[in-house]
Amino acid sequence: MHIFSIIFPLIFIVALGFSCCKLKFFQQQHIAGLSKFTFYISLPAFLLLNMSQIDLQQSISLSAFLSFYIPVLCIFALGILVDRFYLAKQKNYQQHSVFGLAASYSNMVLVGIPIIIASLGKEMIAIAFMIITFHSTLLFALTFLIGAKGSQHAFSWSNFAKSMVLNPIVLSIGCGLALNVLGIKLFTNLVNSLELLATPAIACALFVLGANLAFYKIAANWQPALVASLLKIFLLPASVLLIGSYVFALETQILTVLVLLSASPVGVNAYLIACQVGQHQVTLASAVVLSTVLSVISFTFWLAILL
């Protein structure tokens with residue numbers, strides 16, 4: 001019953017967003033506007049406020065960092081091998097690297113943080129911010145670098161760095177970290193204003209996630225998407241659990257945060273990278289939908305084990 005109470009409100013909001021779009025109550029342009037508010041205003045306000053107020057000593061942990069990213073890199077490499085020797089007809093580094101991304105890139109902000117807050121409370125998101133800060137930068141850079149081996153176009157570090165620095169999630173966490181480290185306190189009226197903006201962040205993020213699922217379709221070649229989804233929401237969190245438990249002996253709550261983050265479905269940004277690279281676009285679109293639907297089962301499973 002406890003696990004149902006955690007999962008149900010999140011599923012309800014995602015399903016509401018999906019239903020509103022399927023029933024044409026919202027059009028795609030309406031969701032585009034809501035997405036822009038969510039990702040450029042509400043979520044950054046939420047992340048900046050919380051990052052500026054967290055206990056940095058609690059959030060910075062090399063053991064937690066390694067417990068998460070060693071499995072992530074291993075699953076990324078496994079995804080490349082699966083695509084190379086099982087799915088692909090020929091060697092194509094761009095295609096393989098995108099599939100590796102599909103198997104390892106988590107939708108932490110839209111799904112991971114709401115699950116952590118619902119199951120463990122707001123005080124445990126401090127460790128999640130440390131993981132989120134490096135997540136996109138590391139996996140996107142690897143995808144582009146490995147893909148560059150088979151591409152005629154040189155990888156541009158300057159363009160990549162610019163896109164990462166200007167990413168609203170990375171930028172808001174970075175600004176919040178700077179305020180925290182420098183000990184700068186925002187004046188009360190500004191904090192109250194940011195709190196008002198941040199209040200709908202989680203609900204809007206889940207609603208937008210569900211709404212966007214209505215615009216993706218599971219393609220006829222759903223098998224690669226299913227393989228990527230199973231690697232992502234079952235094998236990756238299992239690896240994090242094993243490494244965190246037996247190699248680094250993490251505290252139970254920290255380990256729970258890392259497993260829940262890794263059990264999050266494939267992030268929509270992975271699909272955008274696939275479109276940019278021009279490989280596995282259909283697979284990634286299907287994997288976003290499949291992994292999100294299957295994450296109801298996976299989160300229930302992992303919460304039952306961890307809690």
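Contact here means heavy atoms within 4.5 Å. The model shown in these views is predicted.

View 1. S298 is found in helix α15. Set aside its neighbours within four places in sequence, and S298 is in contact with I233, F234 and A263. Is S298 buried or exposed? S298 counts as buried because its relative accessibility is 0%, and buried means under 20%. The side chain of S298 also reaches the backbone oxygen of S295, at 3.1 Å.

**View 2. The second largest pocket.** The space in this pocket is about 310 Å³. In all, 18 residues line the second largest pocket. Which of them are closest to its centre? They are I11, V14, T292, S295 and V296. Several helices share in the lining: α1 (2–22), α6 (108–120), α11 (201–213) and α15 (281–306) each supply at least two residues.

**View 3. Asp83, a buried acidic residue without a salt bridge.** D83 sits in helix α4, which spans residues 62–87. D83 is buried, yet has no salt bridge. Which side chain of opposite charge is nearest to D83? It is that of R84, 8.2 Å away. The side chain of D83 does make a polar contact with another side chain, that of H96, at 2.6 Å. Beyond its neighbours within four places in sequence, D83 is in contact with A88, Q95, H96, F99 and H280.

View 4. H280 is among the residues in contact with D83. Where does H280 lie? H280 is in the loop between α14 (268–277) and α15. H280 has a positive phi of about 55°, although it is not a glycine. H280 is buried because its relative accessible area is 14%, and the limit for buried is under 20%.

**View 5. Lys24, another loop residue with positive phi.** K24 lies in the loop between α1 and α2 (28–53). The phi of K24 is near 65°, a positive value in a residue other than glycine. Is K24 buried or exposed? K24 counts as exposed, because its relative accessibility is 59% and exposed means over 50%.

**View 6. Phe76 in helix α4.** F76 has its place in helix α4, the helix that also holds D83. F76 counts as buried, with a relative accessibility of 3%. Which residues does F76 contact, once its neighbours within four places in sequence are set aside? They are S97, G100, L101, S104, L139, L142, T143 and I146. S42 is 34 residues from F76 along the chain, and their C-alpha atoms are separated by 31 Å.

**View 7. Gly174 in helix α9.** G174 lies in helix α9, residues 168–182. G174 counts as partly exposed, at 36% relative accessibility. How many residues apart along the chain are G174 and L47? They are 127 residues apart, and their C-alpha atoms are separated by 9.4 Å.

Notes:
Residues numbered from 1 in each chain as written. Predicted model: local features only at pLDDT ≥ 70, side-chain atom pairs only at ≥ 80, totals over all residues. Heavy atoms only, no water. Helix = DSSP H or I, 4+ residues; strand = E, 2+ residues; numbered from the N terminus. Buried < 20%, exposed > 50% of the residue type's maximum accessible area, 1.4 Å probe, protein only. Lys, Arg positive; Asp, Glu negative; His and termini not counted. Salt bridge = Lys/Arg side-chain N within 4 Å of Asp/Glu carboxyl O. Polar contact = N/O pair within 3.5 Å; in protein donor to acceptor, adjacent residues only side chain to side chain. 1 Å grid on protein atoms, 1.4 Å probe; cavity = no way out; pocket = protein on both sides within 12 Å on 5 of 7 lines; lining within 4 Å. Points joined across faces, edges and corners; volume = space filled by probe spheres on them.
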